[in-house]
Amino acid sequence: MDIQTLYNLFQATFQPDPNIRIQAELQLKQLEGTQGALLASMQIIGSEDSVLHVRQAASIYFKNAVKRYWFETESTPAHLKISESDKDTIKGSILQLLASAPQIIRTQLLTVLGTILSNDFPAKYPGYLSQVQSLLQSQDPKIVFVGLLALKEVTRVYKFKVSDREPVDEIIATFFPAIQQIGTGLISANNVEAAEMLKIIFKCYHHTIQIDLSERLRDNASLVPWGTLFIQMVEKPVPTEGLPTDLEELEKHPWWKAKRWAYQCLNRLYTRYGNPTALTSESKFKPFANSFIVNFAPNILTAYLKQVELWVAKQAWLSPRVLCLMGNFFEESVKDKHIWSMMKPHSETLITHFVFPQLCFTSEDEALWVDDPVEYVHAKIDVLEDFTSPSTAATNFMTVMARYRQNAFMQILALANSVLQKYNESPAEAKNPREKDGALVMIGALAPLILRKKSLSSMMEPFFVNHVFPEFKSQYPFLRARACEMVNQFSDLDFEDSNNVAFAFTSLMESLRDSQLPVKVTAALALRPMIRHEAVCEAMKPHLQFIMHELLAMTNQIDVDTLSEVMDEFVEVFAQDLAPFAVQLCEQLRDTFLRICADMGPNAEGVEAITDRAIDEASDKTMAAMGVLKTMGTLILSLESTPEVLNQLEIALLPVITFTLQNAIIDLFDGVFEIIDSCTFSAKAISANMWGVFELIYKTFKESALDFMEEMLPSLDNYISYGKDVFSTNENVQHTIYDIIESVMKSDRLGENDRVQACKLAESLMLNCRGHVDKYIAPILNLVFHYLAPEEGIQTVEFRVQALEVVMNALYYNAPVTLRLLEENGWTQRFLTVWFANLDKFSRVHDKKLSIFALCSILNVPVAQLPPALQSGWPQILNGILTNFEGLPVAQAKRKEMEKMYNIGSDDDSDEDSDADSNAGDDSDDDDDEEEQNALEAALAGDDDVEEEWVDDEEDVYDEGHEYLEYLAQQASKTRAAKAAGGDEEEEEEDDEEDFGDLEEEIYFESPLDDLDPYIVFREVFTGLQQHNPASYAELTKETTPEQQEYIIQLINVGEVNATAAAENAAAAAEA
């Protein structure tokens, strides 16, 4: 490769003329894979004679090529693969290149090094650690710095790696004593270079303890010097020389970054490994934690409290990230009795001077509110972005104290009360609205605890009247927003005075008209829980159009998925009231969705274009679009009984469907397929427009939606069920469905769950198109028996059941043809064996009915056409039918219970009568249930005679779920012990797999079998066999027991009664 030519191309990428620049970039793209191009670019990067911007361009090119092609896949073109000799040269030179490169280039080279290490270390990069050791032993600080960078990159490889961690022990043993000594020597320095090196040292340590804490690091010989270094960093005053005055820049300063990583190391040691209350008794870290909590955690707490003291006295500044880490540590410290005993004397001070100031509305909050209200809403309302927020950490610390330590709870209430009283009693010019906001934040955060104590919840109504309601008219927008938030947080509070509920609702409606976006958003979110009040619900109805308009306007202004959730609930609750302007609402939702999608824009192709902020914004928009889709789906289903409106909604939504599928917006496929399902299911018919969508679904499936079979199935089933007239006559749509089935069954990308969906689609085709898809029976059976025929071809019960049901459907579709195909392919015996061995797995109503109908179809086949295996086992067919009938009432009862749970068919009087009959004489049980419910309600309300969550200060606090985790750990320990001792555990595990619970009843699943009565069908088939084929009948019943004979008579009688009733109902319907 000619280096000068490559140099000129890199130089041209910085030319101001776009034509020259684009041409150079295209030529560089063409050079990818050219022998020697990577090595030549390395030479340019390492040459000090090269112009800096050319070296930078070469480093970016080099980085992108390594990231794309270092790790080879089957799809990597042969000419783009990096040769092994080039890889060896790069690995041999990369550290030397790092040492000589300026910072702007070093950043790119570190990415290259990380890529190489993540793929090649240790097996293909055996000499790496020795190279790093040489760098660290240098007398030149700059070379040592590069050695630390190189060490950080190799530790980063194992940051989240659970297995294959053997090299970590070698790294710790070889390097950690040395870098700890380097850190100790740097801690007293005040230059920026020392801060940079300390930061890297701390990151190396943190990488190794993210997933595991090795025995070497648990040893006091390592823990004490490292812990001492971290605490020294925490306590070290930041050198003032050269510090920026801008607070955002100050937080990014190397000394504050180093401090942050010291805090993170200490927090990780304590919260993950050193807090006994967070560990199960079986944890390997338990002995370490028991020692750490006594011997080391107190030193951390003391150091943190000292920093808080300096911060409160304004003698030291703490970065927001450090404040957050402190709050996280204090939260954990509440739980252990030993550390809590040390922190308890400081609890009031921490609440008053550490927590409370962070909860007040700050000047930074105000600046953000004014300059970027959209970003303010994201920062203060979007909980997904709160993990690094100091105010959130302070709130969590306060709520944990309040929840478990009674004294702290009272201190918090006392402080909030004093601030609020002072605010009320002060003259207007002396009132501090920021402090009042902080006090209300405290009370709002404690809402779940307050509402569980009757003595406190009874005081909240006057509290709202005195301290919250007045702020709806506040001159300060942030207090108006806080009033809305308080109503939301105390939405479960039952106001005794209905006027107060009315005032809250009226105030929220006025706030929805506020000029300030954060006030409007908090008001909208608070309106949602107000729906539970019947009076409010009625009062909302005249304002629904306005409310929905405002919600849509806000959604167009800010992408917050919680607003979509509010819209969704309003649509679900007020569907009939929204019907007159449902089409207009749907069109507005459509336009909002398309606007969000347009804002999402094309996917960024260049790595340089992708930033954390861009990823967050894209995620916000995706979530918002999903929320709008869900609301549109709810609107359609809610208006199922208005076909004229549904047709207009369908037309309005076509652009949403086509845009998403045509542009392959994969993140939104799930929601769009739900929309298609809702449209076709609600209409119970397929319009011309939706047939066009069917073609688009197929095109999308072939191009980008192979992995979305489960999401597509309901829509495809609707097309077959409600478009069966077309499917029965149109071979193209039949072939489309078969091709989808075949693609899923044959794809090596997909698993058994996807094949279950393909089987369900095949079932729908055969059930809905009986007599019209003969030519697909044999191909479908071939697809299924590819998995069903081999002994170990199927792993899961659900796939086995669904595969068997495909064959059962084929028998029901055409038993003679299916039996012939089974016999010709040698599948008969295998199928019958698996079918009858799994009869107990057919637990759902549909399973049992299908099994009965398939077996009855076999009974209708002339004996001469039966395979030998069936002829010899003819009586087993009847046994199979009886077995399914025996389980049918149980399955039907379970289904009815589920339908009641989901409020399906609740208007059926006969169900109520039967429930009344079945519950007769159960008064004593009802009394017991009522007592249990009263006890539960009392516990939740926090009655004085029910124990609260507060624990004694001499006791530890365990997180929710700790008992379950403890149980799991003990079970895992038993399993390990059993395996170590040998025995039959493996066999028992296999038995457990076979002892699979019943498949879940699919209560929304509909099929043509729903209208068929299995009792009537059995009666017709059985009596017909008896009358027209007595020899076959005699063979069938020759082994029946007296009990079975009696049961058969009962079944026939039920069938006769049901047939008579069906005939009478049909006659009555005809007359009507």
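Let's start with residue classes: Ala, Val, Leu, Ile, Met, Phe, Trp, Tyr, Cys and Pro count as nonpolar, Asp, Glu, Lys and Arg as charged, and the others, Gly among them, as polar. This is a predicted model, where local features need pLDDT of at least 70 and side-chain atom pairs count only at pLDDT 80 or more, while totals for chains, interfaces and linings use all residues. Residues are numbered from 1 along each chain as its sequence is written, and side-chain values use heavy atoms, with hydrogens and water left out.

Search the whole structure and you get six cavities of 30 Å³ or more (on a 1 Å grid over the protein atoms alone, sets of points where a 1.4 Å probe fits but cannot get out; lining residues have an atom within 4 Å of a point). The largest cavity has a volume of about 100 Å³, volume being the space filled by probe spheres set on the points, which are joined across faces, edges and corners. Its lining includes Lys760, Arg844, Asp847 and Phe1005. H43, helix H45 (797-813) and helix H48 (845-859) each give two or more residues to that lining (helices are DSSP runs of H or I, at least four residues, numbered from the N terminus). By class, the lining has one nonpolar, two polar and eight charged residues.

Next, the second largest pocket, with about 1,600 Å³ of space (a pocket is an open set with protein on both sides within 12 Å along at least five of seven lines). Of its 45 lining residues, Asp677, Pro714, Ile1003, Tyr1004 and Phe1005 lie nearest the centre. H40 (709-722) gives the largest share of the lining, eight residues. The lining counts 14 nonpolar, 11 polar and 20 charged residues.
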